[in-house]
Amino acid sequence: MTMTDTATPLSGLDTHHGTHGGQTQTSLPALSLAALGVVYGDIGTSPLYAFREAMHATGASHGSVIREDVLGVLSLVTWALLLIVTVKYVLILLRMDNEGEGGTLSLLALIQRTSKAPSTWVVLLALLGAALFYGDAAITPAVSVLSAVEGLKLVTPALEPWILPIAIGIIFGLFLVQHRGTDAVARYFGPITLVWFIVMAAGGLWRIGEAPEVLVALSPGYAISFMLQNGLLGMVVLGSVFLAVTGAEALYADMGHFGRRPIQLAWCVVALPALLLNYFGQGALVLSNPQAIGNPFFLLFPDWALIPVVFLAAIATVIASQAVISGAFSLTQQAIQLRLLPRMRIRHTSDEHQGQIFMPGVNVALMLGVMLLVVSFGSSSALASAYGISVTGTMVITAKLAILVAYRLWRMPLWLAILMIAPFLVMELAFFAANMAKVLDGGWLTLGIAAAIATLMLSWRRGRQILYEKDREAETPLETLLRQLDSDSIATVAGTAVYLSPNPDLMPGALLHSLKHFRALHEQNVILTITTANVPRIPEDDRVEIEVITPRLRRVTLTYGYAEETDIPRALMQCRRMGWKFDIMSTSFILSRRTVRLSARSQMPQWQARLFILLSRNAAGLSDYFRIPAGRVVELGTQINI
């Protein structure tokens, strides 16, 4: 008998008002202010280096600052912000939410909802997009913090030798406090970032007043003319211009924290106007004073304001870094739930906000990677050469997956779905090609990070498939157990035993070994299967399905969203409310601990099999990951060759 029916819910999160993870309803202005701090921290610090790097590229070619170059670069930045960020992400992609969640893996989950098994290339695309994000997560804190601290050189040249130590100290402190969670400091992110945008807008507006002719760059004709007249140089500059939109993916990836409307409002009312005013202010400054090309952002401001602006910039870059670090935690959790990465330790840092998590392993790996980048490259200009490839690659992948969502989920004709996304895809392919020119100058690094993460994911996915196939070959149908339940040759043990099984129709390996070696079964036996839905969250009422097979045997299925933490004891408490009475203190969780060994005739390349074995040995234990009380766990070891 089935006590509940766990139909997969297709709605349950208010994506329009930002309700998330059980949080209370918050006003639209308050959510928009919070979104300003978390979502726009990355793109909000791009003016520190984007215009400077683009103008350095033109200056290196032409030998001086030319009016047409300034106007051309400004026009390219303007229309990149308007078309890619505003139209593609704010107006189109924010509507492609999966129960309020966004990002590459959410797009994959949306596509999976439209077919039982998406094609391999779709899974690989999503996997590669997620891998590229980690490259962005490593380089964003490094380039942002360095670009802010480098403003100290303008205060006094004597501070130049201290720039790297100060940057490393800030980065170390940032990662050191991650275990405390962002809940306590996130409330300050929005107001500080609002002040940052106001200061940027004020500095730009002041300089625009000195050279208002710079506003002619609002015309797209200057961008088109620049690209047509400069050939290869135009492509090089395009790679630097792209730095102005590197935070665009955060719009989509962080949608689940705030909802669509707050993100749209924060962009249209505050972020976009402030960014445009600042970029045009830098352009006006360079037109009137070509010597300012060395650091046009900080030279926007009068001398008396320089130290406060440098201090504010450092805080803003820490906020930008926090956003991408939190994104890396969330993405890793989703990848684990979607079986793309091995289990890792996850700690929730807030009782009120479900999405705020801390992952020690990811935190340490990111910290070491960011510090290595800072020490190896030494300056934000050098790091800018490595920046952009991972982000453009992710954007291209997102565009391709968006076509599938529009076609399959929105029921749009294929030609119309392609027509809607193709203009942005063409632009992003141009940006990607321009950034590929930076491969030898440091771009190889982000590609290497993405390749390493993709290799880990592919190896884990392939290894799990092989183990699943071997389990199906080795395990016994559940009907075999039913014939032995009341056998006199099998002893009865008091209490309840819970066996985890990936397939509820087969006898779990731990149960099979218990019968084989001990010839005993508990009074009550539960086969527990945990499934991950293609939605981020499942309502509590739809979490549990109980099927009573015999008075001694139950089959329980727990369904979780891919953005949720699996908490077995809490779910079993819900089972008690549904009528299944048992004592948790007399319940044993009997788990299989598999030791994976390399087979002489492996179905994987030996290097990949060894990598999978290494990942398996370092994966978090089932009891820790599922939050099972350690004193109630019994583990039976088995060996399996791959």
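This note goes through selected helices, residues, ring pairs and a hairpin of a predicted model.

1. Basis. The model is predicted, so local features need pLDDT of at least 70 and side-chain atom pairs count only at pLDDT 80 or more, while totals for chains, interfaces and linings use all residues. Residues are numbered from 1 along each chain as its sequence is written, and side-chain values use heavy atoms, with hydrogens and water left out.

2. Asn 278. This residue sits in helix α13, residues 260–288; helices (H or I, at least four residues) and strands (E, at least two) are DSSP runs numbered from the N terminus. Asn 278 has a relative accessible area of 0% and is therefore buried. Buried means under 20% relative accessible area, exposed means over 50%, and partly exposed is in between, with a 1.4 Å probe and protein chains only.

3. Polar partners of Asn 278. A polar atom of the Asn 278 side chain is 3.1 Å from the backbone oxygen of Met 200. The side chains of Asn 278 and Gln 282 are joined by a polar contact of 2.8 Å. A polar contact is a pair of N or O atoms within 3.5 Å; within protein, one must be able to donate a hydrogen and the other to accept it, and residues adjacent in sequence count only if both atoms are side-chain atoms. On the spacing of residues in helices: an α-helix has 3.6 residues a turn, so residues three or four places apart point the same way.

4. Other neighbours of Asn 278. Apart from residues within four places in sequence, Asn 278 is in contact with Pro 47, Met 200, Gly 204, Phe 297 and Leu 300. Contact here means heavy atoms within 4.5 Å.

5. Aromatic pairs. The whole structure holds nine aromatic pairs. In one of them, the rings of Trp 196 and Phe 297 have centres 5.5 Å apart and planes at 35°, so this pair is tilted. The pair links distant parts of the chain: Trp 196 is in helix α9 (residues 183–210), Phe 297 is in the loop between α13 and α14, and the two are 101 residues apart. Rings of Phe, Tyr and Trp (its six-membered ring) pair if their centres lie within 6.5 Å; planes under 30 degrees apart count as stacked, over 60 as edge-to-face and the rest as tilted.

6. The cluster. Trp 196 and Phe 297 are both buried. Ring pairs join Trp 196, Phe 297, Phe 298 and Phe 301 in a cluster. Phe 297 is also among the contacts of Asn 278.

7. Helix α14. Its 32 residues (306–337) should span 46 Å at 1.5 Å a residue, and the end C-alpha atoms are 47 Å apart, which agrees. The expected span is 1.5 Å times one less than the number of residues. Of the 32 residues of α14, 26 are buried, leaving the helix mostly covered. Arg 339, which follows α14, has a positive phi near 65°.

8. Arg 519 has a phi near 50°, positive in a residue other than glycine, and is located in the loop between α21 (509–518) and β4 (520–532). Its relative accessible area is 36%, so Arg 519 is partly exposed. Arg 627, also not a glycine, has a positive phi of about 60° and lies in the loop between α24 (622–625) and β8 (633–641). Arg 627 counts as partly exposed because its relative accessibility is 44%.

9. Thr 394 is in helix α17 (residues 389–408) and is buried at 4% relative accessibility. Leaving aside neighbours within four places in sequence, Thr 394 is in contact with Thr 104, Gly 129, Leu 132, Phe 133 and Glu 249. Ala 454, in helix α19 (residues 443–474), is buried at 10% relative accessibility.

10. Hairpin. Strands β5 (residues 544–550) and β6 (residues 553–560) run antiparallel and are joined by six bridges; two strands pair if DSSP finds at least two bridges between them. The hairpin of β5 and β6 has two residues between the strands. Glu 547 stands opposite Arg 555 in β6.

11. Cysteines. The whole structure contains zero disulfides, a disulfide being a pair of cysteine sulfur atoms within 2.5 Å. Cys 268 is partly exposed at 42% relative accessible area, whereas Cys 575 is buried at 0%.
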